[in-house]
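This report concerns aromatic pairing and nonpolar packing. The sequence and structure are shown first.

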Amino acid sequence: MATARWNNKIIASSDDTVVVEGNHYFPLESVDPAVLTPTEHTSFCPWKGTANYYSLQVNGSENANAAWYYAEPKEAAAQIKDRVAFWKGVEITP
């Protein structure tokens with residue numbers, strides 16, 4: 001079971017993560033929806049497509065753009081559709 005923890009709270013937990021480029025992509029339904037706030041931030045990967053971001057809200061603190069997902073991933077990255085990955089201090093325990 002993989003877990004994602006930030007600010008002393010488990011924010012995601014799943015035994016069905018997909019690892020791409022060293023990042024665990026959690027099924028969206030395994031992430032606590034109360035911690036996610038959509039942002040306008042995006043980035044682009046040539047083989048995955050455009051990433052959208054969430055900020056995390058945990059125990060009164062914000063971690064801006066600390067989670068990302070590909071709403072419409074390119075065909076080569078189809079396995080990460082409807083999944084979320086984390087960075088910026090989020091601890092992943094595989």
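F86 counts as buried because its relative accessibility is 5%, where buried means under 20% relative accessible area with a 1.4 Å probe and protein chains only. F26 is likewise buried, at 0% relative accessibility. The model is predicted, so local features need pLDDT of at least 70 and side-chain atom pairs pLDDT 80 or more, while totals for chains, interfaces and linings use all residues. Residues are numbered from 1 along each chain as its sequence is written, and side-chain values use heavy atoms, without hydrogens or water.

## Aromatic pairs

The whole structure contains 4 aromatic pairs, defined for Phe, Tyr and Trp rings (the six-membered ring of Trp) with centres within 6.5 Å. F26 and F86 form an edge-to-face pair, 5.8 Å centre to centre with 65 degrees between the planes; edge-to-face requires over 60 degrees. This pair links distant parts of the chain, as F26 lies in strand β4 (residues 23–27) and F86 in strand β8 (residues 83–86), 60 residues apart. Strands are DSSP runs of E with at least two residues, numbered from the N terminus.

Y25, W68 and W87 form one aromatic cluster.

## Nonpolar cores

The largest nonpolar core has 17 residues, and A4, I11, F26, V31, L56, F86 and V90 touch the most other members. Such a core joins buried Ala, Val, Leu, Ile, Met, Phe, Trp, Tyr and Cys residues through side-chain atoms within 4.5 Å. Elements giving two or more residues to this core are β1 (2–6), β2 (9–14), β6 (49–58), β7 (61–69) and β8. Apart from this core lies another of 11 residues, including V18, C45, A51 and A85.

How values were computed
Phe/Tyr/Trp six-rings, centres within 6.5 Å; stacked < 30°, edge-to-face > 60°. Helix = DSSP H or I, 4+ residues; strand = E, 2+ residues; numbered from the N terminus. Buried < 20%, exposed > 50% of the residue type's maximum accessible area, 1.4 Å probe, protein only.
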